[in-house]
Amino acid sequence: MLLDFRKSSYSSGGDNCVEVAQVSPAFRKSSYSTGHENCVEVADLPAGAAIRDSKHPELGFLPVGASEWAAFARMVAWDRARA
């Protein structure tokens, strides 16, 4: 994922500049979704993942860090293996 950085309006100039980039996640139906009505969409982010409800994408998404996402995926896989 390539990001287009720009100088933040909060930068004071000189050596103390902050650059920001807009991230537009590309969502897909999660393989952990069940059926057609209870769908969760997931998108890869540079530092983890984003999760949203497919029925209400206009409500935004929840960004999750890489280690938290990996722990969640392990727990789902463990739970599926027990079933």
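Student: How do strand E4 and strand E5 pair, and over how many bridges?

Tutor: Strands E4 (residues 40-45) and E5 (residues 48-53) run in the antiparallel sense, with 6 bridges. Strands here are DSSP runs of at least two residues (E), helices are runs of at least four (H or I), and both are numbered from the N terminus. Two strands pair if DSSP finds at least two bridges between them. Keep in mind that this is a predicted model, where local features need pLDDT of at least 70, side-chain atom pairs count only at pLDDT 80 or more, and totals for chains, interfaces and linings use all residues. Residues are numbered from 1 along each chain as its sequence is written, and side-chain values use heavy atoms, with hydrogens and water left out.

Student: What do E4 and E5 form, and which residue stands opposite Asp44?

Tutor: They make a hairpin with 2 residues between them. Opposite Asp44 you'll find Ala49 in E5.

Student: Which residues of E6 pair with E5, and over how many bridges?

Tutor: Residues 62-65 make up E6, which pairs with E5 in the antiparallel sense over 4 bridges. There, Ala50 faces Pro63 of E6.

Student: New topic. Where is Ser9, and is Ser9 buried or exposed?

Tutor: Ser9 sits in the loop between strand E1 (5-7) and strand E2 (19-21). Ser9 counts as exposed because its relative accessibility is 67%, and the cut-offs are over 50% for exposed, under 20% for buried and partly exposed in between (1.4 Å probe, protein chains only).

Student: And how much of the protein is buried?

Tutor: Of the 83 residues, 22% are buried.
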